[in-house]
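Welcome, and please open the structure in your viewer. We will go from stop to stop, selecting one part at a time.

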Amino acid sequence: MEAEDGRGQQVRAVWRFGGLAVSVGILLTAQPLNRLTAQDTTAGRVVYVKWCAGCHGDNGAGDGEGAHRMIPPPRDFTGAIYQIRTTASGQLPTDADLMRSIDEGLGGTAMPGWKSRLSDRQRHDVLAYIKTFSTFFADTSLRPKPLTFGKEPGGGTGADALKVGRQFYDSIGCRKCHGDQGRGDGPSAPTLKDDAGHPMFAADLHESWRFNGGGTVGDIYHRLRTGLDGTPMPSFSDLLDQKFLTETELWRVAEYVRSLSPAEAPVVRDVIHAPLVTRALPHSPDDSAWTAVDAYWFPLVGQVIRKSRWFSPAVSGVWVKAVHTADSIALRVVWDDRSQSPDTAWLGHVGRVLAALDPDEGTQEPPALWPDQLAVQFPVAIPTGMERPYFLMGSTSAPVYQWRWVSTARTAAVAGLARGIDRFDSLPSTGVGAQSVYDHGQWRVVFTRALASPDTASQLPFRTGRAIPVAFFAWDGSNGEHGTRMAISTWYFLALDVPVPARVFISPVIAMVLTLGLGMLVVWRAQQKTTFRRKQ
Amino acid sequence: MNGRIFSVVGGMFLLTVCSKGDRSAVQAAPPAPQPAAVSADGGTITGKIKFTGTAPRNPAIDMSEEAACKAKYKTSPTEENVVAGPANALANVFVYVSAGLPANAKYQAPSTPVTLDQNGCRYHPHVLGIMVGQPFEIINSDPVLHNIKAIAKKNRPFNVSQPSAGMKTTRTFSTAEVMVNLECNVHGWMKAFLGVRSDPFYAVSGEDGSFSIKGLPPGTYTIEAWHEKFGTQTVTVTIAGTESKPANFTFAAH
C-alpha cells in the first residue's frame, strides 16, 4: 500500500510538473507576441530606472547624473541614432542590434555589457522600453532592414592580402582621421565632434579590444559598411554600389585594420622581467636590442580618487620593456597618444573636452597648451614585507621615488620624491637619463639609471632577484590632462633577472648519481648477505 | 584597377573644372531648380534682406592638408558664415512660409534633383532648399575624401563617404525640417544648411539680398527668414490675388 501510494504521488508530481512546464512554455512563447501587440513596457521601465537612467537620464535624453563624467557621452535615445547597427547609414537599428549593445556593452566606453547582470526577460523588456523614447520606432515605414554582408573571403591574413587592404586604407581616406599608422592621429583628428558637438577621438586601430562594436574582422567590416551614426565615421557602402572597390577589397581593409592590433587582447602580467644583457645598455627607444625583449602591458584608468578627478583619460595603457647590465637599468615605456602635445591644432579639442565634463571646482578651466607627461614610480627602498607606499604617489610619511618625463624636455627626466598626489620635490644629481621618440601617434621613452644609488635614503637602489614595486602615470596634454587629471595604474613589479648559475643544473645530476650509487651499494650489500646465509 | 579608372575620371574632371578661367571663387553649382507645381498665377512675395552693424569676419580656412583644394583658389579661401553684398545686403538667408498654408494642401515634389557640389573643399551652394521626396544629389568635384553627414532631428540622418572626384550620392528627406545641417568631418570648416519643406514656397537670398517666392494662393502667411549666424525673423504678409507684396528683413550683426 505504502509503496503504491508513493508511486501514485510520483505520478501526480510528474503530471503537475509537466503541466507547469507546458504552461511556462506557453507563457514564454506567448511573451514576445504580447509585447509586440500590447507594447507593455512597464516592466522595461522598472529595469531602465534602476540600471540605465543614471547615465541615460529619466527621459532617455542621455542626460543622467553620470553623463557629464564621460566621453563619449551616454546615448541620447530620443533621436534613435545608434552607432552599432547592421543597417544602412541613417536607418534604425534592428532589435538584434540593440540587444547586442545591451548584452556586450560598447568597447572603450563606459557602457558595460548586461548579459550576465540582467535576465533575458529584463533585457528584452528594457529594449522595448528604450524604443519608446523615439517616435521613429513607431513609424512602420522605417522598419530596419539589415544589410547583406556576405562572408569574409579567404586568404585575408597573407602579406599580399594585407597589402591590398593597406592600399585601400589609403585610397578611401581612412588615414585622414585614423592616421598613417592607424593610431587615430590623422590630420582631421583634432576637429572631430559628434552630432551634439561633443569631442570625439578617431579610434586607435591598434586597440581592437576597445572598438565600440567589437574587434573581429567581421565587426570591422560591418562598421565600414554601416558607418557609426551620430559620429564622423561614415558608411562606405556607396563605394560598393559605385564600383569604387569590391566587397573583397573592403574586407581586405577590415583585415588590414584588424592586423594592426595584437591577435589577442593584452593580458596583464604582474611582473616585468628585465633580463641581463651583456652588450651595451640600449639608451635609444628604437635600439634593435629591444626587439628581443618581452613587452608587458599595463592598463591605465582615470584618477578619480583625489580632486580634481579625471574621468576621461586618453592614455589607455602602457607597454613596458626593461633590461639591465651589471651596473645599469633601462626601462622602455611605450604608449599611444594621438597628439604630440603641446600642439595648437588640438586646442579646440581641449576646450570641447573641458566643456563636456563637469569640473570638480565648479568653474570651468580655460583650455591651455599642456604637455604630455609620463611618470614611473618606485618605493624609496625595496620593501621587505608586503607593505608598499600608497600607490597614488605616496604620502607625507611614506614618500615614493619617481622618474618624470615631460614632452617639452624630451631628452631629460626629472627624478624626485612624491609625497602625495600634489607634492613632488625633485632631487639634485639623480643620474636618470631619458630619450624619447614621437612616431605617428606613439610615444616611446627610455629611462636609464645606474643600479647603485648615489643616495640610498631617497633614491631606490636596484637589486637583482627582488620584486621591486613599480607604477605608471600618464598625461595627454591635448586631452586637457595636467596636475591631478591623469591616467594611473596600480602597483606592479619589476624583477631584474639574474642568469641561472651552472650549479643549478649540475647539482641535481650529482645528487641523482650519488643516490643511485648509494642505492646500488645498499642492494649489493643485501645480496652479499643473502648469498652468505644460503651458503651457511 | 578600379582605383586607376577613378583617378583617370577624377583627373579629367579636374581638368574641366580647372580650365574655366578665373578661379578667385569656385563657381557655384547650377542654381537650385525652381520648385515645380507652382501655379503661374497667384501672388508673389519679394524682398530684400539687410543687416545693421559690422559683419563678423569669416575665418580663413587652412587648406594646407589638401593641396588639390588649395590649388583651386587664387586668394586664401574663407568660411561663408556671413556673406554680404553691397549696401549691407545679406545672402544665404533661407526664406519660407512657416504658417498660413492650408493644412491639407499637398504639393508634388519635382523629380529634378537639388544638387550640392563639393568643390574646392567647400559646399556649393552654402544654403539651399529642397522639397520632401525631391532627390538630393551630392557630388564630389574634389579628388579628396569627403564624408557628407546630415544632422537631422525630424528626418533620419546619414553619413556617407565619397573618397574620389566624380562620385555621386542621392538621398531624399521624408519630413519638413528647417534646417538640416550638412557637414564634412574630414574638413571641419565645411558646412551647408538645407531647408526641407513640404511645399514649394521658399527661396534663398542672393548676393544682393533679394529673394522672391512665387505662386502663393490668396491667404495670410507668416514668412520666416533664417540665417545661420543672425537667427530668425518673421513677418506676416497677406496675399489677395496675383499681386506682388514686399517682405523685407533687417538682421542685427552682433
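Start where the two chains meet: 26 residues of chain A and 22 residues of chain B make up the contact, two residues being in contact if their C-beta atoms, placed from the backbone, lie within 7 Å. On the side of chain B that touches chain A, select helix H1 (2-18), strand E7 (146-151) and strand E8 (158-162), each of which supplies at least two residues. E8(B) gives the most, with four residues. Coloured by class, this side of chain B shows nine nonpolar, nine polar and four charged residues. Here Ala, Val, Leu, Ile, Met, Phe, Trp, Tyr, Cys and Pro count as nonpolar, Asp, Glu, Lys and Arg as charged, and the others, Gly among them, as polar.

A word on what you are viewing: this is a predicted model, in which local features need pLDDT of at least 70 and side-chain atom pairs count only at pLDDT 80 or more, while totals for chains, interfaces and linings use all residues. Residues are numbered from 1 along each chain as its sequence is written, and chains are lettered from A and ligands numbered from 1 in the order in which they are written. Helices (H or I, at least four residues) and strands (E, at least two) are DSSP runs, numbered from the N terminus.

Stay in chain B and select strand E2 (residues 94-99). Three bridges join E2(B) to strand E12 (residues 202-204), and the two run antiparallel; strands pair if DSSP finds at least two bridges between them. Look for Tyr96(B), which stands opposite Tyr202(B) in E12(B). E2(B) also runs antiparallel to strand E14 (residues 219-227) of chain B, with five bridges between them. There, Val97(B) has Ile223(B) as its bridge partner.

Now move to chain A and select helix H5 (residues 120-131). How far apart are its end C-alpha atoms? They are 17 Å apart, which agrees with the 16 Å that its 12 residues should span at 1.5 Å a residue, the expected span being 1.5 Å times one less than the number of residues. Among the buried residues of H5(A) are His124(A), Leu127(A) and Tyr129(A); buried means that 20 or more other C-beta atoms, placed from the backbone, lie within 10 Å of a residue's own.

Finally, colour chain A by pLDDT, the predictor's confidence in each residue, from 0 to 100. The chain averages 91, and 92% of the residues score at least 70. Over residues 1-38 of chain A, pLDDT stays under 50.

Note on methods. A residue is buried if 20 or more other C-beta atoms lie within 10 Å of its own, exposed if 12 or fewer, and partly exposed in between; C-beta atoms are placed from the backbone.
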